[in-house]
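Dear colleague,

I am handing over the structure that follows, and below it you will find an account of what was found. Please read the two together.

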Amino acid sequence: MARITLSNLAHSYYPNPKSEADFALKEMDHVWDDGGAYALLGASGCGKTTLLNIISGLVHPSQGRVLFGDRDVTGAPTAERNIAQVFQFPVVYDTMTVRENLAFPLRNRGMDAAYIQSRVAQIAAMIGMEATLDRKARGLTADAKQKISLGRGMVRQDVNAILFDEPLTVIDPHMKWELRTQLKLLHREFGHTMIYVTHDQTEALTFADKVVVLHDGRVVQMGTPQELFETPEHTFVGYFIGSPGMNLLDATIHGNMAQTAAGPVALAAHYAPQNGRTQIGIRPEYAEMTAGIGLPARVLRIEDVGRHRIIRAEVAGSQISVIAGEGQPVGADLTHVRFDPARVNVYANDWRIKGAV
Amino acid sequence: MALDLQAVSRMDKGQVILHPTSLTLEQGTMNVLLGPTSAGKTSLMRLMAGLDAPTTGRLVWNGQDVTGMRVQDRRVAMVYQQFINYPGMTVYDNIASPLRLLGKSTDQIDRAVRATAEMLKLTPMLARRPLELSGGQQQRCALARALVKEAGLVLLDEPLANLDYKLREELRAEIPRIFAQSGAIFVYATTEPEEALLLGGNTATLWEGRVTQFGATPDVYRNPTDAITARVFSDPPMNFVDCVKQGDRMTLGQGVTIPATGRFARLADGRYQAGFRANHLHLNRKTGDSVQFACTLGASEITGSETFLHLHHGTDRWTGLVHGVQDLPIGGQVGIWLDPAQVYLFDAAGQLAAPRAATGAGV
Amino acid sequence: MDKTQNNRAWFLVLPVLVLVAFSAVVPLMTVVNYAFNDTFGQNRFFWNGLGWFQDMLASERVHGALGRQVLFSAIILTIEVPLGIFVALNMPKNGFWSSFCLVLMALPLLIPFNVVGTIWQIFGRVDIGLLGHSLAALGIDYNYTNDALDAWLTIIVMDVWHWTSLVALLCYAGLQSIPQAYYQAARIDQASRWSIFRYIELPKMAGVLLIAVLLRFMDSFMIYTEPFVLTGGGPGNSTTFLSIDLVKMAVGQFDLGPAAAFSLMYFLVILLVSWVFYTVMTTLDRQEGK
């Protein structure tokens, strides 16, 4: 197990990158703690797979270094890095039994038979496959195969890190819950450093202690799920995290007041005057439809998603979303929307600015 | 005007793929087929499209028996999970291709293609080829091809499954809007309960080759008629606990008792299964009737504004979804509150014995 | 799969059925006719029952040819299949050199059979051939027209040269279909080169390998043109394989009855052995799947 340091790291797929736009991964400096659970979150093409491939040794970065603990592994091949990886689609050895599949990484390293036996039994119990240990992997369903892949990733105790590349893509929603819980437990039990790549915010937020949000080859924010939710540092994080994403309204900022096209919105802090485009951001969870308090809003439609309802409304030409509880009635008298001042964030040119309380 | 499935079933190699199913899909409705992988969603769609012939039963479309009719002669369009477009053609030609096959005039084609492209926000990409587009745009192109020929039946087989989360969210919001403009019968297969709810319309839940319930989507969600439907239409999965009714008392799980009043009063004594959804579990007492269960916390997951709790109550595994970021010790004891009004009661055969008490949710 | 019924489709198949009847069934019936009848010419036939078949089964000459044929096919398969796999494993996976190799490998497959025979006939001649002359210059006593062993070696080398590419190309296609993730997983698992071959590449190649083995067996078992051009079946009868013997019997001696019976048995043997190969390999495959 090891701390992972990304020092001055950047990568371009062009041999002679000229401008910043040529870089698939823009310069970054990060230290990831030993035993942490990290998620790399972003849309397709944001650079998250490139970063994962650099860590696994599949891609050699154009600049900078990768350190596992104190050891520089930038030039080391995959096999020497002592990592485990679980891929998007199940990678199992079809002709082997489940047991042989799980034992394979240990056997290749010449572990003794008794240890392999007990370790395989332990992992099989973890992934709930004790009953099928002696079946060939070939005939199994996709999610059983993916469980084997997860198990094979976990079976070695001495790995520096375990990398997950969108491992739940092929899994049914109900099975996702089960596997995610198991991953959580495995992480708690063995304390491996885990890096989990995904485009699915729910998977990233629920899995990781720290989520690294990537956008356009750049790390726009790294933080706990709560930080990403409450104080998105960039409008992209606000949009990408949360379902629906954060509401953004153009506004001019005057001290503790934001002036929008529909009227003034109170802020919980004082802000210095800003240049460029300024916006306020508010999560749909912290907005509320009212019968007269706040900004005038016109309800466009109401989506019932079971445990709550999403009200789509229009405020001075911009569309916003408001979340209402399951039992809460939405009547025709709701003509305004109110924002919780403590939850309103202020953005200048897409980056969040801090106010003085 | 409707597509009427009359006791259609499908056997393949001696195995039942689909049990006899009767459904009536009305003109201009959105119909969601919800169920896990290999529950029979795709098989049912293939029967509707005419790609497979039903082993028994008949398909009647607008009063005409179409059971043996070739797929080419039916007015159907299909969109798949994979983005299927002609890679060598431009987006314009891709959208135009079904109309060219129908022998429409150049004028008509041009008008229809431009209108459909506008609806799907593809106008700036008409001259490009599919592989130069993003995944979301490729799937829009496939959707446009399905819509342009004004088919009477549009089948969408998990069309958003291969897209990024956020793109999925956007298209999900757009599909009902597009659909409202078209007037066709839409059938949409998905594995995700949340997707079904967002699409609205009607939902048929499927489980092991059987349609377990069919009705208006929020209604099926709130009033499942059996335990399987409740299970299929819940994400996180529905929680279950054994329940014994004896006289005027009911015992839930590990010795939690509630009075058997109201909708429970008329039930016969015996064993039942109580089901409740994750979001109806709370860490504090929300209502006076709430009862407390002693649970062990197996794991917790924080989504930013909410916390998923993975709980053990005796041998039962539950999932709770509670408000706020809750930092509770793993392995510790937690008292979980549940209002009996939120409980569904299922009998030994899994049939609904007592519904959830109405909560003013508008249903 | 019972798709939606459409009986009109059968009419479209009708012309093909008629063509097949003329091209395959009618000539085959002629052969069957000769196999069970005797004739003294003038198109007058006498029923001979299984007589020709009994003669052929007892014939030393047919036994000899069959033995040589089985030996030849066995040698060809033992050399070409492993060699083909080996070549496929070592071919570049992409880029210019991969296309270059593919073209190079395909070349022998494009040469007509009798030209292959002629090439090697000249190539191996001691007086003017590059191979024969060089071997003689090295002091090796090589002469495929006189020495049975030399004749066999030449035919085998010729066949390997001609057909290994087919096996290699099929295997190469099988290998190309393996996703990169498998190799990466194997590297992470520290699998040896042999393990990668045994547990990833071989299982993924199994399907194409079956086709390769079947094709090479059938082709080598029916081999005619190349050895006929090269050695004409000699020296003596040492390279007279089944088909060469059959032609000698039918065209050379005009023993149409025995030749017809012979060819029917030949056909049945090929069918039987192919079926055995297919069954054995698919059963092995299925057992692995259990």
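**Helix H4 of chain C**

H4(C) is hardly covered, since the count of buried residues among its 15 residues is zero; a residue is called buried if 20 or more other C-beta atoms lie within 10 Å of its own, with C-beta atoms placed from the backbone. Helices (H or I, at least four residues) and strands (E, at least two) are DSSP runs numbered from the N terminus. The end C-alpha atoms of helix H4 (residues 96-110) of chain C are 21 Å apart, which agrees with the 21 Å that its 15 residues should span at 1.5 Å a residue, the expected span being 1.5 Å times one less than the number of residues.

**How to read the model**

This is a predicted model, in which local features need pLDDT of at least 70 and side-chain atom pairs count only at pLDDT 80 or more, whereas totals for chains, interfaces and linings use all residues. Residues are numbered from 1 along each chain as its sequence is written, and chains are lettered from A and ligands numbered from 1 in the order in which they are written.

**Chain A**

Chain A holds nine helices and 21 strands, and its C-alpha trace spans about 75 × 50 × 35 Å along its principal axes. Of its 357 residues, 47% count as buried. An automatic or database domain assignment divides chain A into domain 1 (4-239) and domain 2 (245-353), and the C-alpha centres of these two domains of chain A lie 37 Å apart. Seven residues from domain 1 of chain A and ten residues from domain 2 of chain A take part in the contact, where two residues are in contact if their C-beta atoms, placed from the backbone, lie within 7 Å.

**Contacts between chains**

Between chains A and C, the contact takes 20 residues from chain A and 15 residues from chain C. Helix H2 (78-81), strand E6 (83-86) and helix H3 (98-108) of chain A are the elements giving two or more residues to the side of chain A that touches chain C.

The contact between chains B and A takes 34 residues from chain B and 33 residues from chain A, and E16(B) gives the most to the side of chain B that touches chain A, with four residues.

**Confidence in chain B**

The mean pLDDT of chain B is 88, and 98% of its residues reach 70 or more, pLDDT being the predictor's confidence in each residue, from 0 to 100.

With kind regards

Methods: A residue is buried if 20 or more other C-beta atoms lie within 10 Å of its own, exposed if 12 or fewer, and partly exposed in between; C-beta atoms are placed from the backbone.
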